[in-house]
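Here is a brisk report on one protein model. Look at the sequence and the fold below, then read on.

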Amino acid sequence: MTTAAGPDLVLVCPQCEKAELAFSSDGVECSTCGEADSPDALAKSYVERILGVSEYTAVSDGEVFPVFSCKECGGESLVRGVKLQPEDDSEYVHPSDVSPEAWACFSCGDTCLEGELVYCEEGSHVGPAMTNDMCVECFQAKVDSE
């Protein structure tokens, strides 16, 4: 994955909703409220509280809950739809007002912009994007089989 936000990635904390959830080599912690759960739990909490996507509802409706396995570190904490905060964090910006959307791993802190990775419907996994819904690996396999 490409690191789009750099090593000092900061996201909105799912507990206090301040842009203070910081990633470091020691883990992920909110400098405002002290929220510091496991990366997997923080990823799910972020999706449910900040992005407004319920795991139960997504699965019940046959949708994909946007937390995946990270190809870089193997953690089950890669989130699709993360809103990157501006580098100048002097003013809080609500996630719905921030662009671009990105993928971010709550375990290793790696990020990439939407369009660089894709949830591949063909193989039911995450991979480098070839099209809007197919990864490079599955696209190549499909071309080779024809």
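Which pattern does the protein follow, read along the sequence? The pattern is β-β-β-α-α-β-β-β-β-β-β-α.

## Basis of the model

This is a predicted model: local features need pLDDT of at least 70, side-chain atom pairs count only at pLDDT 80 or more, and totals for chains, interfaces and linings use all residues. Residues are numbered from 1 along each chain as its sequence is written, and side-chain values use heavy atoms, with hydrogens and water left out.

## Overall make-up

The protein has 3 helices and 9 strands. Helices (H or I, at least four residues) and strands (E, at least two) are DSSP runs, numbered from the N terminus.

Of the 146 residues, 36% are buried. Buried means under 20% relative accessible area, exposed means over 50%, and partly exposed lies in between (1.4 Å probe, protein chains only). The accessible surface is about 8000 Å² (Shrake-Rupley method, 1.4 Å probe). Carbon and sulfur atoms hold 44% of that surface. Contact means heavy atoms within 4.5 Å. Among contacts between residues at least 6 apart in sequence, 41% join residues at least 24 apart.

## The sheet and its helix

4 strands form an open sheet in the order S4-S5-S6-S7, with antiparallel pairing. Two strands pair if DSSP finds at least two bridges between them. The edge strands are S4 (67-68) and S7, and each pairs on one side only. S4 and S5 are joined over 2 bridges in the antiparallel sense. Phenylalanine 68 stands opposite leucine 78 in S5.

Helix H1 lies across S4 and S5 and runs at about 40° to S5. Axes are lines fitted to C-alpha atoms, for helices over the stretch in contact, and angles run from 0 to 180 degrees between N-to-C directions.

## Two nonpolar cores

A nonpolar core is a set of buried Ala, Val, Leu, Ile, Met, Phe, Trp, Tyr and Cys residues joined through side-chain atoms within 4.5 Å. The largest has 21 residues. Leu11, Tyr46, Val79, Val82 and Phe106 have the most contacts inside it. Strand S2 (21-24), strand S3 (27-30), helix H1 (39-50) and strand S5 (78-83) each give two or more residues to this core. H1 gives the most, with 5 residues.

A second, separate core has 9 residues. Phe68, Cys112, Tyr119 and Val126 are among them.

## Aromatic pairs

The whole structure holds 3 aromatic pairs. Rings of Phe, Tyr and Trp (its six-membered ring) pair if their centres lie within 6.5 Å; planes under 30 degrees apart count as stacked, over 60 as edge-to-face and the rest as tilted. Why is the pair of tyrosine 46 and phenylalanine 106 tilted? The ring planes stand at 55°, with the centres 5.4 Å apart, so the pair is tilted. Tyrosine 46 sits in helix H1, and phenylalanine 106 in the loop between strand S6 (101-105) and strand S7 (111-113), 60 residues apart. Tyrosine 46 has 0% relative accessibility, so tyrosine 46 counts as buried. Phenylalanine 106 also counts as buried, at 0%.

Ring pairs also link Phe68, Trp103 and Tyr119 into a cluster.

## Serine 54

Serine 54 lies in the loop between H1 and helix H2 (55-60). Is serine 54 buried or partly exposed? At 29% relative accessibility, serine 54 counts as partly exposed. Beyond neighbours within four places in sequence, serine 54 is in contact with Glu48 and Phe65. Serine 54 and phenylalanine 65 are 11 residues apart in sequence, and their C-alpha atoms are 7.8 Å apart in space.
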